[in-house]
Amino acid sequence: METRASDDERFMRLALRLAARAIGDTSPNPVVGAVLVKRGRIIGQGYHRQAGLAHAEVEALRKAGERAAMGSTMYVTLEPCHHTGRTPPCCDAIIRAGIRRVVIATKDPNPITNGRGIARLRRAGIRLTVGVLEEDARRLVAPFRKAITTKLPWMIVKIAQSLDGKIAATTGQSRWISSVPARAFTHRLRHQVDAILVGVNTILQDDPDLSARGSRSVARAGRPIVVVVDSHLRTPVSSRCLSDLFPRLAILATTTRAAAKQEPFVRRGIEVVRFPPSPDGRVPLRRLCRTLLRRYGITSVLVEGGGEVVASAFAERLVDRLVWVIAPLIIGGRRSPSAVGGEGIARLSQAIRIRDVRVRRLGPDLVLDAAPVYPRAHR
């Protein structure tokens with residue numbers, strides 16, 4: 001017979017799988033899953049599908065029914081909210097339903113809730129277990145945690161490169177370094193974020209449409225937003241990623257020095273966001289990221305190149321996750337662009353390391369998924 005601890009993990013894994021179904025659909029809210037269990041049997045389950053819709057706890061309660069839920073145990077991946085937002089507090093719904101025990105994977109990082117939902121349930125006499133599969137749950141809500149605590153969006157850098165670290169031939173040709181399965185994976189990755197960010201050189205060389213084909217749900221309407229970093233506004237107005245064929249917002253991030261060139265874009269309904277240039281004349285990425293979150297509600301960004309933008313994102317320590325697609329090609333050449341540009345480092349102690357490394361095959365390609373570890377800042 002299974003112990004309670006193993007039961008808790010089994011039902012929480014189901015709740016985590018439910019939560020993961022909505023990755024990319026709930027922004028600016030976190031993904032959350034919930035399972036209701038009574039006498040060892042699942043009587044209801046649900047997940048938060050979209051901001052403004054029912055939270056996972058309420059969806060699970062509705063499916064179980066009011067009478068059945070009485071005396072049951074709820075497994076939920078994130079601490080239930082105790083405040084009124086777009087929807088009523090989940091804590092109140094749990095208390096009204098007569099839930100006997102609540103198992104929570106991790107606390108809500110939102111300062112409005114953080115621990116208060118747990119305290120509310122305890123005061124109501126509900127037995128609590130907190131921290132079951134906590135690391136898995138924390139990974140799921142990492143984009144929400146970063147946005148709510150730092151006011152910066154979660155940033156993924158995705159690169160498709162040859163075995164020798166090149167992202168294009170000497171002519172700039174890059175189609176296609178990665179395989180068909182790897183490109184399909186890229187579209188799935190795009191579904192998980194609010195915005196795709198690229199540098200102007202990527203637009204000039206490849207003219208990509210930056211769409212997320214095969215959209216899964218209504219929640220994705222208008223997403224992902226396209227952000228082009230272009231210090232001098234060299235982006236052609238006719239670029240495919242700015243086309244009216246894609247019903248989404250397009251943002252051009254530029255510097256105040258290029259303000260005189262913005263009118264053709266403004267007439268097309270394209271957002272032009274201007275910043276005082278950084279000392280090297282570029283768009284300051286950290287300021288841009290704060291603006292994307294504050295003004296447009298963008299909580300997650302996928303950076304797809306080129307090398308100079310990627311280098312700037314690393315230099316400003318904005319990157320949270322790396323997705324490196326490595327194709328079995330050797331391109332060579334001093335003039336072939338590399339995955340990460342910039343000035344480079346003088347000492348290996350300044351190198352960015354990686355952790356939590358996962359590697360898998362996609363067709364002939366290898367995909368490395370990891371988190372960066374930045375070196376200590378030197379005083």
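**Entry 1: the open sheet**

In what order do the five strands of the open sheet come? I noted first that I am working with a predicted model. The order I found is 2-1-3-4-5, and the pairing in this open sheet is mixed. Strand 2 and strand 5 (127-130) are at the edges with a single partner strand each, so one side of each has no neighbour in the sheet. I also wrote down the twist, which averages 15° from one strand to the next.

Next I looked at one pair in this sheet. Strand 4 (residues 101-106) and strand 5 run parallel and are joined by four bridges. Helix 5 (residues 116-123) lies across strand 4 and strand 5, and its direction is at about 150° to strand 5.

**Entry 2: two packed helices**

How do helix 2 and helix 4 pack? A reminder to myself: two packed helices are described by the angle between their axes and the distance between the axes. For helix 2 (residues 56-64) and helix 4 (residues 90-97) I have an angle of about 30° and axes 9 Å apart. Helix 2 is therefore roughly parallel to helix 4, since angles under 35 degrees count that way. I logged the crossing of helix 2 and helix 4 as left-handed.

Then I listed who meets whom. From helix 2 come Glu 57, Val 58 and Leu 61, and from helix 4 come Cys 90, Ala 93, Ile 94 and Ala 97. By class, the residues of this contact are six nonpolar, no polar and one charged.

**Entry 3: strand 12 and its partners**

Is strand 12 mostly covered or mostly open? Strand 12 (residues 321-326) is mostly covered, with five of its six residues buried. I then checked the partners. Strand 6 (residues 154-161) runs parallel to strand 12, and six bridges join them. Within that pairing, Ile 159 stands opposite Trp 324 in strand 12. Strand 14 (residues 365-373) pairs with strand 12 in the antiparallel sense, over five bridges. There I marked Leu 322, which stands opposite Ala 370 in strand 14.

**Entry 4: helix 12**

Which residues of helix 12 are buried? I found Gly 307, Val 309, Val 310, Ala 311, Ser 312, Ala 313 and Phe 314. That is seven of the nine residues of helix 12, so I put the helix down as mostly covered, with under 20% relative accessible area counting as buried. What these buried residues pack against includes strand 6, strand 7 (195-199), strand 8 (225-229) and helix 11 (285-296). Strand 11 and strand 12 are also among the packing partners of helix 12. After helix 12 comes Arg 317, which has a positive phi near 55°.

**Entry 5: a buried lysine**

Is Lys 146 buried or exposed? I located Lys 146 in helix 7, and its relative accessible area of 11% makes it buried. Leaving out residues up to four places away in sequence, I listed what Lys 146 touches: Lys 151, Leu 152, Pro 153, Trp 154, Met 155, Leu 318 and Asp 320.

Lys 151 is in the loop between helix 7 (142-150) and strand 6, and at 49% relative accessible area it is partly exposed.

**Entry 6: other backbone checks**

The background for this check is that most residues other than glycine have a negative phi, and most peptide bonds are trans. Arg 39 is not a glycine, yet its phi is positive, about 55°. I placed Arg 39 in the loop between strand 1 (33-38) and strand 2 (41-47). Its relative accessibility is 79%, so Arg 39 counts as exposed.

Where are cis peptide bonds found? One joins Arg 175 and Trp 176, with omega about -10°. Trp 176 is in the loop between strand 6 and helix 8 (180-191). Another runs from Gly 305 to Gly 306, with omega near -5°. Gly 306 is in the loop between strand 11 (300-303) and helix 12 (307-315).

Note on methods: Residues numbered from 1 in each chain as written. Predicted model: local features only at pLDDT ≥ 70, side-chain atom pairs only at ≥ 80, totals over all residues. Heavy atoms only, no water. Axes fitted to C-alpha atoms, helices over the stretch in contact; angles between N-to-C directions. Parallel < 35°, antiparallel > 145°, perpendicular 65-115°, else oblique. Left-handed = near helix turned anticlockwise from the far one by under 90°. Contact = heavy atoms within 4.5 Å. Nonpolar A, V, L, I, M, F, W, Y, C, P; charged D, E, K, R; others polar. Buried < 20%, exposed > 50% of the residue type's maximum accessible area, 1.4 Å probe, protein only. Pairing = 2+ DSSP bridges.
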